[in-house]
Amino acid sequence: MSRLQELKDVLENINSAWERHEKAAMVMQIGVKGSAYRLPGAKMMMASDGKMFGTISGGCLENDLYGWAEKAMETNTFLTHQYDLSENEIWGIGNRMQR
């Protein structure tokens, strides 16, 4: 799928969430150091009713990402979050939050 089609599909799913009177967040991978399932620019949608569309990590981070998306939806602001999945750490999920 092209990045343009991915963006279109994510935005359509955000619109669908709004039509259901739910809040929605777009999650985007903005950087990668080392290997990753998806490249920077990958996007997904998470809605306040728990519906998700797309993937960033192939499934291993999405539950944690949903928690961050909930915080963003509650505060109506954007957040950035960094994960450390280096070979030195087994599931070294970082906990640094930035605005």
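Two residues are in contact here when their heavy atoms lie within 4.5 Å. With that in hand, look at Ala69: leaving out residues up to four places away in sequence, Ala69 touches Ala25, Val27 and Met46. Please keep in mind as you read that this is a predicted model.

**The central strands**

Let's start with strand E1, which covers residues 24-28. In a regular strand the side chains alternate between the two faces of the sheet. In E1, Ala25 and Val27 make up the covered face, while Ala24, Met26 and Met28 make up the uncovered one.

E1 is joined by 5 bridges to strand E2 (residues 43-47), and the two run antiparallel. You can follow the pairing in the structure: Ala24 stands opposite Ala47 in E2, and Val27 stands opposite Met44.

How much of E2 is buried? Here 5 of the 5 residues are buried, so E2 is largely enclosed by the rest of the structure. Both of its faces are covered, with Lys43, Met45 and Ala47 on one side and Met44 and Met46 on the other.

On to the next strand: E2 is also joined to strand E3 (residues 52-54), by 3 bridges and again in an antiparallel arrangement. Met44 has Gly54 of E3 opposite it. E2 and E3 form a hairpin with 4 residues between them, and Gly50 in that turn has a positive phi of about 95°.

**The nonpolar cores**

The largest nonpolar core has 13 residues, and those touching the most other members are Val27, Met44, Met46, Ile56, Leu65, Ala69 and Tyr83. E1, E2 and helix H2 (62-75) are the elements that give two or more residues to this core. H2 supplies the largest share, 5 residues. Apart from this core lies another, of 5 residues, including Val10, Ile14, Met45 and Ala47.

Which residues is Leu65 in contact with, leaving aside its neighbours within four places in sequence? They are Val27, Met46, Ile56 and Tyr83. Leu65 has a relative accessible area of 11%, and because the cut-off for buried is under 20%, Leu65 counts as buried.

**Partly exposed positions**

Met26 and Met28 are both on the uncovered face of E1.

Gln82 sits in strand E4 (residues 80-82). With a relative accessible area of 42%, Gln82 is partly exposed as well.

**Residues brought together from along the chain**

Here are two C-alpha pairs that you can check in your viewer.

| Pair | Places apart along the chain | C-alpha separation |
|---|---|---|
| Gln82 and Gln29 | 53 residues | 9.8 Å |
| Leu65 and His81 | 16 residues | 8.6 Å |

**Putting it together**

Methods:
Residues are numbered from 1 along each chain as its sequence is written. This is a predicted model: local features need pLDDT of at least 70, side-chain atom pairs count only at pLDDT 80 or more; totals for chains, interfaces and linings use all residues. Side-chain values use heavy atoms; hydrogens and water are left out. Buried means under 20% relative accessible area, exposed over 50%, partly exposed in between (1.4 Å probe, protein chains only). Two strands pair if DSSP finds at least two bridges between them. A nonpolar core is a set of buried Ala, Val, Leu, Ile, Met, Phe, Trp, Tyr and Cys residues joined through side-chain atoms within 4.5 Å.
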